[in-house]
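Let's take a walk through this fold, strand by strand. Have the structure open and follow along.

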Amino acid sequence: MNQQSNIADADKETTARTKDCEEQSAVERDELDSGRKRSEAKLEPYNMNTCPLCASPLKSVHIGGRDRIGCSKCEFVYWNNPLPVTATLIPHDDGLVLVKRKFEPFVGWWCLPGGFMESAEHPEESAIREVYEETGLTVEIDRLLGAYSPGRGINVLILMYLAKHNSGILQAGDDAEEVRTFQVSDLPEQIAFDLHRKMISDFFENGTTK
Ligand SMILES: [Zn+2]
């Protein structure tokens with residue numbers, strides 16, 4: 001889950017936010033900017049200098065109403081499609097399971113367990129795997145709560161799931177600093193990602209599970 005991608009034009013912010021969240025979002029934007037700079041090199045799969053098919057120089061091409069990167073000699077176009085990522089709400093002990101992040105962006109902040117889908121993986125399979133890897137819990141998917149684009153140039157598609165805890169005990173995995181259940185009364189101040197904050201807030205305020 002330490003992977004991040006970017007595109008040039010940011011979408012409009014779609015999440016309604018409180019004042020606190022707006023302040024946090026300013027921090028989030030700064031964090032994301034620096035996170036993007038740090039990870040830029042490994043995020044561009046071909047380093048965007050030469051064509052991965054024929055090694056000719058790349059150039060800007062205008063296709064489908066957008067400027068893209070394409071090959072100057074062959075048909076290659078870098079479409080820069082969003083990467084699918086899962087996030088999962090797991091009700092547990094009258095609260096929700098959150099993970100303390102071990103990697104950029106937002107090291108040390110809390111978020112819902114989740115991460116990037118692997119090749120040829122079913123989205124539910126991906127959500128279950130990420131939950132197990134990060135929290136030690138085996139879960140069963142209850143339902144898909146929605147598909148979201150975070151905007152602000154963050155090029156991912158987030159699939160938000162609600163899951164039921166089946167077995168296993170909470171134990172931080174290799175890519176989590178810590179994992180625990182939070183009740184509404186003791187939610188941490190530093191929760192990463194606008195969408196995660198909104199889903200956590202909805203869960204406690206409106207009862208996502210109902
Ligand atoms: Zn080429």
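Predicted model: local features only at pLDDT ≥ 70, side-chain atom pairs only at ≥ 80, totals over all residues.

Three strands make it up, in the order β1-β2-β3, and the pairing is antiparallel. At the edges you'll find β1 (58–63) and β3 (77–78); each has a single partner strand, so one side of each is left without a neighbour in the sheet. If you want to see how β2 (residues 66–71) meets β3, look for two bridges in the antiparallel sense.

Now move along to β5 (91–92) and β6 (95–101), with Asp-93 in the loop between them. These two strands form a hairpin with two residues between them. They run antiparallel and are joined by two bridges, and His-92 has Gly-95 of β6 as its bridge partner. Asp-93, in the turn, has a positive phi of about 50 degrees.

Is Asp-93 buried or exposed? Asp-93 counts as exposed, because it has 12 C-beta neighbours inside 10 Å, and the cut-off for exposed is 12 or fewer. Thr-181 is 88 residues away from Asp-93 in sequence, yet their C-alpha atoms are 7.0 Å apart in space.

Six of its seven residues are buried, so β6 is largely enclosed by the rest of the structure. Six bridges join β6 to β11 (residues 176–182), running antiparallel, with Val-99 bridged to Val-179. Strand β7 (residues 110–111) also pairs with β6, antiparallel and through two bridges; there, Lys-100 stands opposite Trp-110.

Methods
Residues numbered from 1 in each chain as written. Pairing = 2+ DSSP bridges. Helix = DSSP H or I, 4+ residues; strand = E, 2+ residues; numbered from the N terminus. Buried ≥ 20, exposed ≤ 12 C-beta atoms within 10 Å, placed from the backbone.
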